[in-house]
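Have the sequence and the 3D view open side by side while you read. We will take a guided walk from the inside of the protein to its charged pairs.

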Amino acid sequence: MRQQVMRHWYLPAALGILLLSPGASTDVVKLVPVELVYVYEQNQKICLETDTGDLGVGEDLEEAMADLRSSASGEIFLETADFAIVTEQTAHLVPGLHAFLRPATRICLGVRADAGAAEYLSAHEPQVTLKDLRTGEADLPVLIRTEGRYQLVSEPTS
């Protein structure tokens, strides 16, 4: 419990910074804090889906992110994203995620996964972060969904 409370210290801090920033025009009520970003491909388009139910679609990661931000019910707040899931088809986009997500965001490769995995990942955290991947210190753990249940493993299975 203490670890979970300490891990989420940055949300109140970030909100405080936004409120106290001179000229801040962001209405805190309109912020949509995201816990998970799921990056997948559908119909030859890049899709970014969040645990909040928001979706962005585009030809590339930047276009999908712009669509996500413009179509969301409020201002998407990605600084709160603890987890990212990519698929085999979108794993090559991981370097581009550094522009949108914190280096401490935990990431995994999803097999039949979806944006509903946030609760599972909160209890079974992947040990690999975007920073680990950037420095080449780790391989992606694999999150598998079978019959509605998730399992985090270190190696892909068929």
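This is a predicted model: local features need pLDDT of at least 70, side-chain atom pairs count only at pLDDT 80 or more; totals for chains, interfaces and linings use all residues.

Residues are numbered from 1 along each chain as its sequence is written, and side-chain values use heavy atoms, with hydrogens and water left out.

**Confidence**

pLDDT is the predictor's confidence in each residue, from 0 to 100. Its mean for the protein is 84, and 79% of the residues reach 70 or more. Over residues 1–7 the pLDDT is below 50, and this stretch has 2 contacts in the model beyond near neighbours in sequence. A contact here means heavy atoms within 4.5 Å.

**A strand with two partners**

Helices (H or I, at least four residues) and strands (E, at least two) are DSSP runs, numbered from the N terminus. Look for strand E7, residues 106–111. Buried means under 20% relative accessible area, exposed over 50%, and partly exposed in between (1.4 Å probe, protein chains only). Because 5 of its 6 residues are buried, E7 is largely enclosed by the rest of the structure.

Two strands pair if DSSP finds at least two bridges between them. E7 pairs with strand E6 (residues 83–86) in the parallel sense over 4 bridges, with valine 86 opposite leucine 109. E7 also runs parallel to strand E8 (residues 142–146), joined by 3 bridges; here glycine 110 stands opposite leucine 143.

**The nonpolar cores**

A nonpolar core is a set of buried Ala, Val, Leu, Ile, Met, Phe, Trp, Tyr and Cys residues joined through side-chain atoms within 4.5 Å. The largest one has 29 residues, and Val37, Val39, Leu48, Leu78, Leu97, Leu101 and Ile107 touch the most other members. Among the elements that give two or more residues to this core are strand E2 (36–42), strand E3 (45–50) and helix H3 (61–71). H3 gives the largest share, 4 residues. Apart from this core lies another, of 15 residues, among them Cys47, Ala113, Ala118 and Tyr120.

Which residues does valine 39 contact, leaving aside its neighbours within four places in sequence? They are Ile46, Cys47, Leu48, Ile85, Val86, Thr87, Thr90, Leu93 and Leu97.

**One face of H3**

In H3, the buried residues are Leu61, Ala64, Met65 and Leu68. Seen down the helix axis, they fall within an arc of 100°, so they line one face of H3. The arc is that of the directions from the helix axis to the C-beta atoms. An α-helix has 3.6 residues a turn, so residues three or four places apart point the same way. The buried residues of H3 pack against E3, E4, strand E5 (75–77) and H4.

**Salt bridges**

A salt bridge is a side-chain nitrogen of Lys or Arg within 4 Å of a carboxyl oxygen of Asp or Glu. The whole structure has 4 of them, including these:

| Pair | N to O distance |
|---|---|
| Lysine 45 and glutamate 59 | 2.4 Å |
| Arginine 106 and glutamate 125 | 3.4 Å |
| Arginine 145 and aspartate 114 | 2.3 Å |

Arginine 145 lies in E8 and aspartate 114 in the loop between E7 and H5, so this pair ties together parts that are 31 residues apart in sequence. Arginine 145 is partly exposed at 28% relative accessibility, and aspartate 114 is partly exposed at 24%.
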